[in-house]
Amino acid sequence: MKVTTICCIGAGYVGGPTMAVIAQKNPQIKVTVVDVNESRIEAWNHEDLDQLPIYEPGLDAVVAEARNRNLFFSTEVDAAIEAADMVFISVNTPTKTYGKGKGMAADLKYIELCARQIAKVSTSDKIIVEKSTLPVKTAQTIKSILHNTGNGINFQILSNPEFLAEGTAVQDLLMPDRVLIGGEQTKEGVEAIQALVDIYLSWVPNENIITTNLWSSELSKLTANAFLAQRVSSINALTELCEVTGADVNEVANAIGKDSRIGPKFLKASVGFGGSCFQKDILNLVYIAKSYGLKEVADYWEQVIIMNDYQKRRFSTKIVKTLYNTISGKKIAFLGWAFKKDTNDTRESAAIYVADQLIEEQATICVYDPKVTAQQMQNDLNYLNSRTEEDNQNQLITEDNPYNACKDAHAIAILTEWDEFKFYDWQKIYDIMQKPAFVFDGRGILNSETLKTIGFQYYAIGR
Ligand code: NAD
Ligand code: UDX
């Protein structure tokens, strides 16, 4: 089967970039990305490419090439589904905030809505592709909805989880370590898998495309994230031990990572991992393990999250203690709010939790981030529900110039590893701060010797 028309439901961090690259590499296929969020679609269609809703290096060029050629962004969900041979589901699957599994299980209501909508509007056979990260066995639910509410139409369901990381999404999509496609091991299933393989073959070498059964594919995505997050929590679990013994976590990570069986990647100690995926996916894995009665398995993976929460708290506690046990009325400058560099995404960013804990001690936080809006920062803090929105507004202020953010501050905390922070005039920053001037480097990116020579009291996590 040759696919000529694709619809992708969900124009977010995954749907947008993924479909832009599929369209760029397959000019013969018409790709329409739909979303219920009108302002998001408007932004995707904005003439000024700086206004795209998602910041990713290199994304503007891909969108510029394919948009309105064979890549379209629209709010007309039904029409796009009906016209498509292949429908990707790329909607959000956040942690449940209510009912059974609250705070752990994945909330699949958006997935179910998509399945129902596809069943309702389809008039021809379709391949449905799970792009969202889902608990293992979700394809069964989707299949049941499609077959019981559809009009006798044939649906094949594939799992094709996305491994891109934000900040490097375009690179990751153009040169993926692997593309994973799971499907039913029947004649129709294998044909559907091949149809999707053919789309990726336009630019991905055959040996990088893995095909599996549905359940292996669904489970591999959740667990791949769990493995990555586990490495960050493992190195972070050594930071405190380094601090009390005089070891340097960077040197330790380097020594550990030189063992080729372990390797150097994902061993950078930090104030804690953030992002929309790690925490939610591990919590979901814990929930799945629990629901199969696998208590030890659940406890094992839960510890990765417990360590991460501890690391964020440890960082804010360190700031309070160092500033003579009181930060009430003091100004603390935050450099960075995004959960990592090169993205405007702030979901689960460590900065939110550290700010919340410092505001609890009555500090004023002044944030500079090159890509995150002031409104987004307020929303993030309000979402925690720790105090009134008015109090948050008074205690969390923002600056669009980093030097203004640091002026008169008692301390600076580095929460995101944006490259530009390394190139600031740190002497100038020292001169405009309160003394003694402290820097708490939650990402270990600054040159400690230079800062100490200037006169800063410098603390880097794990050193
Ligand atoms: P997102 O919140 O940025 O985007 C999801 C979009 O889906 C939103 O714009 C929302 O309006 C839209 N949507 C929800 N229900 C809809 C419906 N019924 N009809 C039309 N549109 C609808 O989320 P994201 O970061 O793109 O993540 C999507 C999925 O991909 C999640 O399952 C996530 O776990 C997974 N994933 C994310 C990343 C990442 O780095 N962000 C990486 C790999 C996988
Ligand atoms: C992650 C996975 O990497 C990706 O494959 C999956 O598809 C989605 O989830 P993402 O959340 O975008 O991607 O970013 P990632 O680069 O994995 O970083 C996650 C968090 O871990 C960030 O807060 C990052 O700063 C932190 N991290 C990462 C560290 O603290 N140390 C490291 O060595 C690596």
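## Contacts of ligand 2

A polar side-chain atom of lysine 340 is placed 2.8 Å from an oxygen atom of ligand 2. Taken alone, ligand 2 exposes 660 Å², of which the protein buries 90%; accessible areas follow the Shrake-Rupley method with a 1.4 Å probe, and for residues only the protein chains shown count as cover.

This is a predicted model, in which local features need pLDDT of at least 70 and side-chain atom pairs count only at pLDDT 80 or more, while totals for chains, interfaces and linings use all residues. Residues are numbered from 1 along each chain as its sequence is written, chains are lettered from A and ligands numbered from 1 in the order in which they are written, and side-chain values use heavy atoms, without hydrogens and water.

Backbone atoms also approach ligand 2: a polar one of leucine 164 is 2.8 Å from an oxygen atom of the ligand, and a polar one of glycine 274 is 2.9 Å from an oxygen atom of the ligand.

## The surrounding shell

Ligand 2 is surrounded by 20 residues, the closest being Phe163, Glu166, Lys221, Ser270 and Arg443; a residue counts if one of its heavy atoms lies within 4 Å. Helix H9 (residues 214–245) gives the most to this shell, with four residues; helices are DSSP runs (H or I) of at least four residues, numbered from the N terminus.

## A surface patch

Elsewhere in the model, Tyr292, Leu294 and Val297 make a nonpolar surface patch of about 290 Å². Leucine 294 belongs to the loop between helix H11 (278–291) and helix H12 (295–322).

Technical notes:
Polar contact = N/O pair within 3.5 Å; in protein donor to acceptor, adjacent residues only side chain to side chain. Helix = DSSP H or I, 4+ residues; strand = E, 2+ residues; numbered from the N terminus. Patch = residues over 30% accessible without salt bridge, like charges linked within 9 Å, V, L, I, M, F, W, Y side chains within 5 Å. Salt bridge = Lys/Arg side-chain N within 4 Å of Asp/Glu carboxyl O.
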